[in-house]
Amino acid sequence: MKSYRKELWFHTKRRREFINITPLLEECVRESGIKEGLLLCNAMHITASVFINDDEPGLHHDFEVWLEKLAPEKPYSQYKHNDTGEDNADAHLKRTIMGREVVIAITDRKMDLGPWEQVFYGEFDGMRPKRVLVKIIGE
């Protein structure tokens with residue numbers, strides 16, 4: 001069995017962003033040389049997410065509005081976590097809702113994604129460097 005590991009780094013310009021990382025993962029599959037196996041992709045920071053959905057700008061807007069209703073950024077004082085001097089309690093909650101990782105089957109050197117599925121890095125407390133782990137195992 002082969003194993004491949006790579007860290008992808010992101011430094012967003014805004015506090016919250018969604019970045020389509022599907023092409024980066026396709027490149028990782030090619031680099032790995034693995035024909036059949038599994039790809040794990042996870043955010044290595046507790047205020048970021050990796051998830052699968054459609055790459056449609058209206059949907060991304062809807063995610064932002066929905067997440068802000070569920071866990072509004074302000075007022076910062078509404079969160080006990082922010083009493084420590086932080087201002088990112090909402091980002092922790094948003095990450096929990098959107099998820100930490102995805103696992104994708106690899107068949108014949110390609111990710112098994114549905115017709116509209118794309119993989120995204122979701123940033124909820126950005127403007128600083130953060131990592132995403134890609135781990136691929138298989139033959």
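The structure holds 19 salt bridges, a salt bridge being a side-chain nitrogen of Lys or Arg within 4 Å of a carboxyl oxygen of Asp or Glu. The model is a predicted one, in which local features need pLDDT of at least 70 and side-chain atom pairs count only at pLDDT 80 or more, while totals for chains, interfaces and linings use all residues. Residues are numbered from 1 along each chain as its sequence is written, and side-chain values use heavy atoms, with hydrogens and water left out.

Lysine 6 and glutamate 31 join their side chains in a salt bridge, with 3.3 Å from N to O. Lysine 6 belongs to strand S1 (residues 2-10) and glutamate 31 to helix H1 (residues 22-32), so this pair ties together parts that are 25 residues apart in sequence. Here and below, helices (H or I, at least four residues) and strands (E, at least two) are DSSP runs, numbered from the N terminus. Lysine 6 is partly exposed, at a relative accessible area of 26%, and glutamate 31 is also partly exposed, at 42%. In these terms, buried means under 20% relative accessible area, exposed means over 50%, and partly exposed lies in between (1.4 Å probe, protein chains only).

A second salt bridge links the side chains of glutamate 73 and arginine 16, at 3.1 Å from N to O. Glutamate 73 sits in the loop between helix H2 (57-70) and helix H3 (89-98), and arginine 16 in the loop between S1 and strand S2 (17-20), so the pair ties together parts that are 57 residues apart in sequence. Both glutamate 73 and arginine 16 are buried. In a further salt bridge, the side chains of aspartate 125 and arginine 128 meet at 2.8 Å, N to O. Aspartate 125 is buried, with a relative accessible area of 8%, whereas arginine 128 counts as partly exposed at 36%. Through shared partners, salt bridges join Arg15, Arg16, Glu64, Glu68, Glu73, Asp87, Asp90, Lys94, Asp125 and Arg128 into one network.

Turning to the strands, five of them form an open sheet in the order S1-S8-S3-S5-S6, with antiparallel pairing; two strands pair if DSSP finds at least two bridges between them. S1 and strand S6 (110-111) stand at the edges with a single partner strand each, so one side of each is left without a neighbour in the sheet. Within the sheet, strand S3 (residues 37-43) and strand S5 (residues 101-107) pair in the antiparallel sense over six bridges, and leucine 40 stands opposite valine 103 in S5.

H1 lies across S1, S3, S5, S6 and strand S8 (130-138), and runs at about 150° to S1. For such angles, axes are lines fitted to C-alpha atoms, for helices over the stretch in contact, and angles run from 0 to 180 degrees between N-to-C directions; contact means heavy atoms within 4.5 Å. In H3, the buried residues are Ala89, Asp90, Ala91, Lys94, Arg95 and Met98, and these pack against S3, strand S4 (48-53) and H2. Just after H3, glycine 99 takes a positive phi of about 100°.

The interior can be described through its nonpolar cores, each a set of buried Ala, Val, Leu, Ile, Met, Phe, Trp, Tyr and Cys residues joined through side-chain atoms within 4.5 Å. The largest has 22 residues, of which Ile21, Leu25, Leu39, Cys41, Val50, Val134 and Ile136 touch the most other members. At least two residues of this core come from each of S1, H1, S3, S4, S5, strand S7 (118-123) and S8. Another core, of eight residues, lies apart from it and has Phe51, Met98, Phe120 and Phe124 among its members. Leucine 39 touches residues including Leu25, Val29, Val134 and Ile136, not counting residues up to four places away in sequence.

Finally, the cysteines deserve a look. A search of the whole structure finds zero disulfides, a disulfide being a pair of cysteine sulfur atoms within 2.5 Å. The sulfur of cysteine 28 is 8.0 Å from the closest cysteine sulfur, that of cysteine 41, which is too far for a bond. Cysteine 28 is buried at 1% relative accessibility, and cysteine 41 is buried at 0%.
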